[in-house]
Each structure stands twice: as C-alpha cells, then as structure tokens.
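Me: I have this model open next to the sequence and would like to go through it with you, one feature at a time. Could we begin with what it takes for a charge to count as sitting over a ring?
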Amino acid sequence: MDATTSTVTLPTRGRLNLMRTALVGFGHRAEQDWDGVMRLAFTVDGTHEQSAGVEIRQRDDELDLTITSDADPAIVAGQVARVLSVHVDGAGFADLAGRDPVAAALVAAADGLRPPQFYSPYEAAAWSILSARRSAAQGRVLRQRLSEQLGTAYDLAGQTLHSFPAPSRLATLAQLRGLPEAAIPRLQAIAHAAPEGRLSAARLLAMDPEDARLDVQHLPGIGPFYSGLIVYRSLGQPDVLVLIEPRSRAALERLCGAAQPMTDAEFTARAEAWRPYRMWMTFLARAVGESVSAPAR
C-alpha cells in the first residue's frame with residue numbers, strides 16, 4: 001500500500017531478546033524461523049481505523065523501527081513499545097532475580113524474553129471470539145483469513161502481512177469460512193464498541209484491573225477467561241497479579257516448593273516478593289516454567 005514511511009528508535013530499557021520473543025510467539029502470532037526482522041501489522045490505537053506495518057531490528061539495547069502508516073509515528077512506536085513490554089523499565093527485573101530464587105530461575109530460562117502483548121484490547125477481544133473453543137493454530141488460520149479478506153496488506157522486508165480489519169470493515173463481515181455463524185454478531189459488537197472507546201487501552205488502564213475485566217464482559221461472547229486475556233495481555237501492566245490462570249499459577253507454586261495448591265491468600269502473599277513485576281512472573285511461568293527446576297530451598 002502507499003503510505004508514509006518513517007523510522008523511530010526505541011530503547012529496550014533493560015535486556016530484551018527480540019529473536020526469543022519472535023520465536024516463542026504470542027497470542028495470534030507464531031513464527032517458524034528468524035531472519036533478524038520482526039514484522040508487525042496492526043490497527044493503531046485510537047479509533048483503530050488506521051493501521052500500520054512495522055519492521056523491527058535490534059541493535060544491542062535499541063530497536064530500530066521502520067513504520068509504514070499514515071498514522072502518527074509516535075503513536076505507532078508507543079504501541080510497539082507496549083506490545084514488546086519495552087514501555088516498562090526492565091532493569092529492575094534483573095535486580096528482582098538477585099533477590100528471589102524463583103525469579104532468578106525464570107529470568108535465567110527466559111534469556112531476555114519479556115511478556116509480548118496483543119496489539120490492543122480491540123484485537124485481543126476479536127481474537128477471543130476467533131479462538132474460542134478451538135486451538136490457537138485454528139484461531140490463527142481464522143484471523144489470517146479475516147485479515148486477508150478485510151484488512152490492509154503491507155510489504156515488510158520481503159514478506160506480506162495483513163493487518164486486522166478496522167472496525168468499520170469488521171462491522172461489514174457477513175461470513176468467514178470456518179467460523180460459526182453465531183460468532184459473526186459477536187465480532188460486529190466488538191467492531192461497534194471500538195470507535196465508542198469501550199476498548200480503548202487508555203480507558204481500561206484508568207480502571208482497576210478487576211473492574212476492567214468486568215467491564216469488557218459486557219461484550220457478547222466475552223466471559224471471565226477471555227476478559228482476563230484482554231486486560232492482562234493487551235494493556236502492558238507489569239505488576240497485575242493473575243490468580244485465575246491455572247497453568248502459570250501451578251508452575252509458580254511448584255517453583256515455590258508448595259506441597260499442595262496454595263490458597264489465593266497464600267499465593268498473593270508469596271507474590272509480594274515479585275513486585276513490581278508480578279505480571280511478568282506470571283507470563284514467564286507459563287512460557288518457560290515447565291522447563292525450570294525448583295530452586296534448592
């Protein structure tokens with residue numbers, strides 16, 4: 001597409017391994033190989049009517065962004081920073097590893113991986129509908145199909161990526177091969193909610209996380225689990241404690257040496273040692289925790 005191209009440099013603000021992040025994958029993304037470039041295509045914060053294609057290359061502690069978009073490059077770069085969790089000073093995470101043995105084990109196994117986020121609450125909500133009751137791989141096929149049908153194509157370092165459809169385009173969806181008919185009005189409801197600001201990252205960040213979870217559950221098809229995905233994995237809040245994700249919680253309890261599942265109160269008390277990165281700990285426990293041995297007590 002014809003659009004303005006600009007370049008922006010982002011500091012990583014602590015250790016970041018971009019290759020590790022790309023190959024681990026996140027949300028609807030799953031990379032098979034690494035050629036030195038991370039490619040992103042997404043709708044831009046605000047009304048989500050604009051989109052952007054971004055090439056990202058890492059130079060030591062900086063990320064070089066090549067942005068193709070008519071949107072404000074500063075807004076696009078800020079969104080990329082949130083997606084890669086470099087909007088947060090990660091230097092303190094290494095300090096946390098020096099104080100807590102569980103954090104030390106996870107940081108070592110993570111090898112520079114930080115929690116990657118969904119592009120926005122809007123796209124996370126749509127992913128919740130597309131991936132419901134199916135595998136992540138099946139959800140990715142549907143998202144790709146929908147993006148090619150209604151999104152914007154970008155040529156990024158020799159590869160074509162399609163952004164997710166803007167709300168005005170998503171609202172026109174009548175059918176999508178492989179998607180049950182009942183899911184169409186749910187996607188259309190998300191399309192209508194976005195321009196009203198109901199899925200604005202700024203709006204949800206201004207709320208208490210649990211209030212934000214309850215708020216997005218007013219969208220049809222979004223229950224407790226997916227409301228957590230939207231709030232916990234698209235807003236980039238590093239210190240939200242997640243109690244409802246069983247896989248990461250079980251990994252953390254094992255690493256803490258718990259002989260049986262902890263109560264919410266016990267888990268919350270133990271997690272105090274991980275402030276202000278409790279969300280990061282939750283993510284790493286899910287991403288790499290199963291391969292980590294419990295620290296010696």
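Reply: A charge sits over a ring if NZ of Lys or CZ of Arg is within 6 Å of the ring centre and within 35 degrees of the ring normal. Please keep in mind that this is a predicted model. Here Arg249 lies over the face of Phe267, at 4.9 Å from the ring centre.

Me: OK, rings then. How many aromatic pairs does the structure hold?
Reply: There are 8 aromatic pairs in the structure. In one of them Phe118 is paired with Trp127 in a tilted arrangement, with 6.5 Å from centre to centre and 40 degrees between the planes. Phe118 and Trp127 are both buried.

Me: And what about Tyr277 and Trp280, how are those rings set?
Reply: Tyr277 and Trp280 also make a tilted pair, at 5.1 Å centre to centre and with 50 degrees between the planes.

Me: Which residues does the cis peptide bond join?
Reply: The cis bond joins Arg275 and Pro276, and its omega is about 0 degrees. Pro276 belongs to the loop between helix H13, residues 264–271, and helix H14, residues 278–288. For background, most peptide bonds are trans, and most residues other than glycine have a negative phi.

Me: Speaking of phi, what is it for Arg13?
Reply: Arg13 has a positive phi of about 55 degrees although it is not a glycine. Arg13 is placed in the loop between E1 and helix H1, which covers residues 18–24, and with a relative accessible area of 37% Arg13 is partly exposed.

Me: Then Ser85, buried or exposed?
Reply: Ser85 has a relative accessibility of 1%, so it counts as buried, the cut-off being under 20%. Ser85 also has a positive phi, of about 60 degrees, although it is not a glycine, and its place is the loop between helix H2, residues 73–83, and helix H3, residues 91–99.

Me: Where is Ser200 found?
Reply: Ser200 is in the loop between helix H8, residues 183–193, and helix H9, residues 201–205. At 22% relative accessibility, Ser200 counts as partly exposed. From Ser200 to Ala153 there are 47 residues in sequence and 24 Å in space, taken C-alpha to C-alpha.

Me: Let's switch to the strands. How many bridges join E1 to E4?
Reply: Strand E1, residues 5–11, and strand E4, residues 62–68, run antiparallel and are joined by 7 bridges. Thr7, for example, has Thr66 in E4 as its bridge partner.

Me: What does E4 do with E3?
Reply: E4 pairs with strand E3, residues 51–59, in the antiparallel sense over 7 bridges, and in that pairing Gln58 has Leu63 of E4 as its bridge partner. E3 and E4 form a hairpin with 2 residues between them, and Asp60 in the turn has a positive phi of about 55 degrees.

Me: Why would you call E2 largely enclosed?
Reply: In E2, 6 of the 6 residues are buried, so the strand is largely enclosed by the rest of the structure. Met38, Leu40 and Phe42 point one way from E2, while Arg39, Ala41 and Thr43 point the other way, and all are buried.

Me: Which residue in E3 stands opposite Phe42?
Reply: Phe42 stands opposite Ala52 in E3, and E2 is joined to E3 by 6 bridges, the two strands running antiparallel. Ala52 has 0% relative accessibility and counts as buried. The C-alpha atoms of Ala52 and Ala22, which are 30 residues apart along the chain, are separated by 18 Å.

Notes. Residues numbered from 1 in each chain as written. Predicted model: local features only at pLDDT ≥ 70, side-chain atom pairs only at ≥ 80, totals over all residues. Heavy atoms only, no water. Phe/Tyr/Trp six-rings, centres within 6.5 Å; stacked < 30°, edge-to-face > 60°. Buried < 20%, exposed > 50% of the residue type's maximum accessible area, 1.4 Å probe, protein only. Pairing = 2+ DSSP bridges. Helix = DSSP H or I, 4+ residues; strand = E, 2+ residues; numbered from the N terminus.
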